[in-house]
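Please look through the sequence and the model shown below before reading on. The briefing that follows starts from a single residue and then turns to other parts of the chain.

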Amino acid sequence: MHVLPAGTPPALDLRGICKAFDGKPALDDAHFSLAWGEVHALVGENGAGKSTLMNVATGVYAADHGSQIVDGSELSPRSPQEATDAGIGMVHQHFRLVDRFSVAENVLLTLGGRVRSLRAAADLIAAKAREVGLDVDPFRQVSTLSIAERQRVEILKVLLLGARIIILDEPTAVLTEEESSALLVFTRRLADADHAVVLITHKLKEVAAHTDRITVMRHGKTVLAGAPMAEVSEAEVGRLIVGEAVVAAARPQSRPGEERLVVRGLGFDGQKRGGAVELTLRAGEVLGLAGVGGNGQEQLVACLAGTLAASAGSFTLSGVDVTRATPSRRRDLGLRVIPASRFATGLVRQMSIAENLAMTNVRTGHFGGRWFLDRRRMKAAALAAIERFDIRGAGPNRRTELLSGGNAQKVLLARELDDGLKVLIAHSPSRGLDVKASEFVRDAIRAAVEAGAACLLISEDLQEVMGLSHRVAVMNGGVIAGNRPIADVTPEWIGALLTGHA
Ligand SMILES: Nc1ncnc2c1ncn2[C@@H]1O[C@H](COP(=O)(O)OP(=O)(O)O)[C@@H](O)[C@H]1O
Ligand SMILES: [Mg+2]
């Protein structure tokens with residue numbers, strides 16, 4: 001960071017920012033101060049409020065309380081346009097480019113009346129790209145660009161709009177290691193050229209060497225405000241990210257029994273770093289797999305469920321190798337899955353509660369033979385499930401797409417937590433549910449495990465993982481980065497594994 005003359009106002013100063021969504025606070029007295037010429041890391045676990053805070057800074061959301069100072073003047077942008085006019089630009093996690101347009105056409109779209117022709121837009125892009133050292137071809141169609149190239153287009157767009165305060169939301173999450181370091185070197189150059197850069201990230205280790213200061217958020221609050229990166233330890237930051245919050249333990253009261261799921265060197269495509277998954281799960285045990293989403297969790301679940309072929313390794317269910325078995329064979333061996341997206345791979349939207357519940361049992365003959373379905377039996381089973389799982393305000397024939405998230409999840413639980421359950425894979429089982437429905441889901445999992453099931457709980461919600469699990473492992477970069485009994489799990493340990501490289 002260059003030395004600024006004393007008294008230079010910060011580029012951006014957010015003070016006491018509060019913001020609630022539907023009465024739920026996402027930001028609670030958050031602070032953030034960014035100096036000219038610096039690259040500032042903004043870290044915190046998922047849901048900590050990082051994106052929301054920066055969306056407030058860029059006028060996407062209006063804060064409920066608090067003030068914002070931009071380069072010494074009070075300015076709380078009431079729209080993204082006002083933020084742009086004040087020289088603040090953000091590159092969002094999900095890029096906002098029109099695929100079928102060329103880079104120049106996209107830029108023309110963004111700059112509106114500021115450029116007259118496509119030719120002029122292309123010239124501007126080429127000049128800016130040269131100036132800042134980003135390699136971008138104005139005439140390429142966006143759909144043909146790699147993720148890293150699209151990101152460079154987004155950055156150029158923001159710069160062409162005149163931003164000097166540049167906010168990058170999880171920019172390295174979608175990049176390879178090599179691309180990440182190139183980006184980090186670029187942000188340094190930008191900062192040195194009189195800009196100020198905010199780097200939102202989970203990967204503390206990756207950015208530590210490239211950032212000047214660090215701010216940590218937790219539950220909408222700033223828990224470390226702009227500490228010089230050189231003065232904080234990784235362990236300290238890890239602890240701040242995770243918090244002391246050791247949750248009231250609500251783990252199943254059961255002892256681990258025989259091995260139910262053994263995974264050896266399992267690899268799958270799309271793994272960021274060619275690692276492999278190793279784990280052993282016993283009856284009566286919850287193994288919590290913590291980790292930031294996108295680190296291979298989806299692929300692991302798909303591999304175990306049988307919808308994605310493993311590219312390496314093997315795994316067994318109760319001693320039987322099922323690496324290449326069909327999903328129904330795995331089901332016969334007691335595997336049950338609660339996927340992260342209820343409707344993508346769990347329930348069929350257009351089908352009724354009764355049909356969704358019966359789906360997995362039609363093959364077994366429980367609801368009739370090959371030629372007919374025993375609708376009466378299906379209905380009776382659905383009524384029993386509605387009663388037992390407290391599925392509110394719905395009859396057996398209600399289409400599942402009409403249910404609330406909590407009720408739809410209960411239908412899924414009712415189907416998966418059946419008598420044949422031996423191994424439950426639960427991926428973010430309470431995500432998006434309200435407090436009561438979340439509790440219901442956890443209670444149901446607890447009861448199933450106490451009755452002898454084994455559960456692999458994959459969740460980004462650390463409270464959930466800490467509260468339910470007997471052992472905790474961390475998934476990072478497609479591998480299991482650590483595995484400990486709950487008694488030995490410290491916030492420092494989790495924090496370091498979550499933010500570090502595997
Ligand atoms: N548009 C929105 N509507 C409702 N809740 C939201 C919205 N945006 C964010 N939230 C909630 O605000 C909290 C903070 O989210 P976010 O700022 O995205 O966290 P982070 O970027 O640190 O992962 C979360 O609980 C999230 O669910
Ligand atoms: Mg975010």
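Valine 107 counts as buried because it has 27 C-beta neighbours inside 10 Å, where buried is the word for a residue with 20 or more other C-beta atoms within 10 Å of its own, exposed for one with 12 or fewer, and partly exposed for one in between, the C-beta atoms being placed from the backbone. This is a predicted model, in which local features need pLDDT of at least 70 and side-chain atom pairs count only at pLDDT 80 or more, while totals for chains, interfaces and linings use all residues. Residues are numbered from 1 along each chain as its sequence is written, and chains are lettered from A and ligands numbered from 1 in the order in which they are written.

**Valine 107 and its surroundings**

- Valine 107 belongs to helix H3, which covers residues 103-111; helices (H or I, at least four residues) and strands (E, at least two) are DSSP runs, numbered from the N terminus.
- When neighbours within four places in sequence are left aside, valine 107 is in contact with Ala121, Ile125, Lys157 and Leu160, a contact being a pair of residues whose C-beta atoms, placed from the backbone, lie within 7 Å.
- Leucine 224, by C-alpha positions, is 37 Å from valine 107 in space, and the two are 117 residues apart in sequence.

**The chain as a whole**

- The chain holds 17 helices and 20 strands, and 46% of its 502 residues count as buried.
- The radius of gyration of the chain is 25 Å, which agrees with the value near 23 Å that a compact globule of 502 residues would have; this radius is taken over C-alpha atoms, and the globule rule is 2.2 Å times the number of residues to the power 0.38.
- Along the principal axes, the C-alpha atoms of the chain fill a box of roughly 75 × 50 × 45 Å.
- Among the contacts in the chain with a separation of 6 or more, 68% are accounted for by residues 24 or more positions apart.

- An open sheet is formed by four strands in the order E2-E1-E4-E5, with antiparallel pairing; two strands pair if DSSP finds at least two bridges between them.
- Its edge strands are E2 (24-34) and E5 (73-74), each of which pairs on one side only.
- Strand E1 (residues 12-21) pairs with E2 in the antiparallel sense over seven bridges.
- Helix H1 packs on the sheet, where it touches E1, E2 and strand E4 (65-70), and its direction makes about 115° with that of E1; axes are lines fitted to C-alpha atoms, for helices over the stretch in contact, and angles run from 0 to 180 degrees between N-to-C directions.
- Lysine 19 stands opposite leucine 27 in E2, and aspartate 13 has serine 33 in E2 as its bridge partner.
- Two residues lie between the strands in the hairpin of E1 and E2, where aspartate 22 takes a positive phi near 50°.

- Strand E8 (residues 196-201) is mostly covered, with six of its six residues buried.
- In a regular strand the side chains alternate between the two faces of the sheet.
- From E8, Ala196, Val198 and Ile200 point one way while Val197, Leu199 and Thr201 point the other way, and all are buried.
- Strand E3 (residues 39-43) pairs with E8 in the parallel sense over five bridges, and histidine 40 has valine 198 in E8 as its bridge partner.
- Strand E7 (residues 165-169) pairs with E8 in the parallel sense over five bridges, with isoleucine 165 standing opposite alanine 196 in E8.

**The surroundings of ligand 1**

- Ligand 1 is surrounded by a shell of residues, including Phe21, Ala26, Asn46, Lys50, Ser51 and Thr52, a residue being near a molecule or strand if its C-beta atom, placed from the backbone, lies within 6 Å of it.
- The largest share of this shell, three residues, comes from helix H1 (residues 50-57).
- The shell divides into three nonpolar, six polar and one charged residue, with Ala, Val, Leu, Ile, Met, Phe, Trp, Tyr, Cys and Pro counted as nonpolar, Asp, Glu, Lys and Arg as charged, and the others, Gly among them, as polar.

Notes:
Contact = placed C-beta atoms within 7 Å.
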